[in-house]
Amino acid sequence: MAGRRATRLASLQGHQAIEGTRETKPRAVKCARTPKSSAGKTQTTSAKASRTARSGKVNSENVKVEPVPRLRSRCLNEEELQKAIAHLSTTCPKLAAVIATHDTIHQILAKRSNDAFGALTKAIVYQQLAGKAAATIHGRLLSLGGDDFSPQWVLDQDLETLRSAGLSERKATYIQDLALNFKDGKLGCSEELGELSDEELFNLLTAVKGVGPWTTHMFMMFTLGRPDVLPTVDLGIRKGVMKLFGLPSLPTPKKVEEIAEPWRPFRSVGSYVMWHVANTVTC
């Protein structure tokens, strides 16, 4: 059993398929230390260095590091949602008309999750699938693991067991690699990930196999409650923008970004409204 698990983990680490087409970014390691150097000093990780920079503390060379502006402090709650509704209604009459009749907009708050591994696993399952089909496969996967569903449980299964839930071989491999990242401490719980800025979080997650921009944006919106996320490649959002603004064809991601610029700093809520307009609210 131990030999088979070692072989499986080695295979995971050699797997090179990633979600979509994107550049490979260096993986940021959080809450971990590298071996001591020859001088006997322990080298700190990039995450710890970032925290030092953000706090404005003096580093080992006695040089004060200026704090970096943070984006993580704001989280979408009931008070922020009311501000978002007021802001979007003021900046865009078309949005105002939809929001006035969108009595389920508060559901964006109910979709929050504290389970980072579970949320990212679900987002991988949902990639490029219709909502009903994805929900069925996700439900089967959770049933397989039951109360034991966790990174360790996933790593204890072979690909065929995971695929029996309806997963493709690629997605099963992605989920195993995700589990390995959590088990090794490269990814932490929602509270730890919540300490990162939007940019830091995006760079960290998209370095994981199978976790591309769309998956990262879903995690930022629905797990961490980030208020200013705009998934420009999402088909539902593009359809909503096309329908609401009377465009002759699906807008490009760049065009979506241009149209949504006035929605800042509440583009997450604007995106949720676009799903409502397109009648494809997901996750």
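## Report on a helical chain

The side chain of Lys171 reaches the backbone oxygen of Val125 at 2.9 Å. Such a polar contact is a pair of N or O atoms within 3.5 Å; within protein, one must be able to donate a hydrogen and the other to accept it, and residues adjacent in sequence count only if both atoms are side-chain atoms. The model is predicted, and local features need pLDDT of at least 70, side-chain atom pairs count only at pLDDT 80 or more, while totals for chains, interfaces and linings use all residues. Residues are numbered from 1 along each chain as its sequence is written, and side-chain values use heavy atoms, with hydrogens and water left out.

**The chain as a whole**

The chain contains 16 helices and zero strands. Helices (H or I, at least four residues) and strands (E, at least two) are DSSP runs, numbered from the N terminus. Of the 283 residues, 43% are buried. Buried means under 20% relative accessible area, exposed over 50%, and partly exposed in between, with a 1.4 Å probe and protein chains only. Among contacts (heavy atoms within 4.5 Å) between residues at least 6 apart in sequence, 66% join residues at least 24 apart.

The buried residues include Phe117, Leu120, Ile124 and Tyr126. Their cover includes helix H7 (131–145), helix H10 (169–183) and helix H13 (213–222).

Lys171 belongs to helix H10. Leaving aside neighbours within four places in sequence, Lys171 is in contact with Ile124, Val125, Tyr126, Gln127 and Leu129.

Gln128 follows H6 and is found in the loop between H6 and H7. Gln128 has a positive phi of about 60° although it is not a glycine.

| Residue | Relative accessible area | Class |
|---|---|---|
| Ala165 | 1% | buried |
| Lys171 | 12% | buried |
| Gln128 | 83% | exposed |

**Two loops**

Ala165 has its place in the loop between helix H9 (159–163) and H10. Not counting residues up to four places away in sequence, Ala165 touches Ile137, Arg140, Leu141 and Leu144. The C-alpha atoms of Ala165 and Gly139 are separated by 8.3 Å, although these residues are 26 apart along the chain.

A further loop, between helix H15 (253–260) and helix H16 (267–278), holds Pro265. The peptide bond from Arg264 to Pro265 is cis, with omega near 5°.

**The pair H3 and H4**

Two packed helices are described by the angle between their axes and the distance between the axes. For helix H3 (residues 78–91) and helix H4 (residues 93–101), the axes come within 5 Å and cross at roughly 135°. That angle makes H3 oblique to H4. Axes are lines fitted to C-alpha atoms, for helices over the stretch in contact, and angles run from 0 to 180 degrees between N-to-C directions. Angles under 35 degrees count as roughly parallel, over 145 as roughly antiparallel, 65 to 115 as roughly perpendicular and the rest as oblique.

H3 contributes Ile85, Leu88, Ser89 and Thr91 to the contact, and H4 contributes Pro93, Leu95, Ala96 and Ile99.
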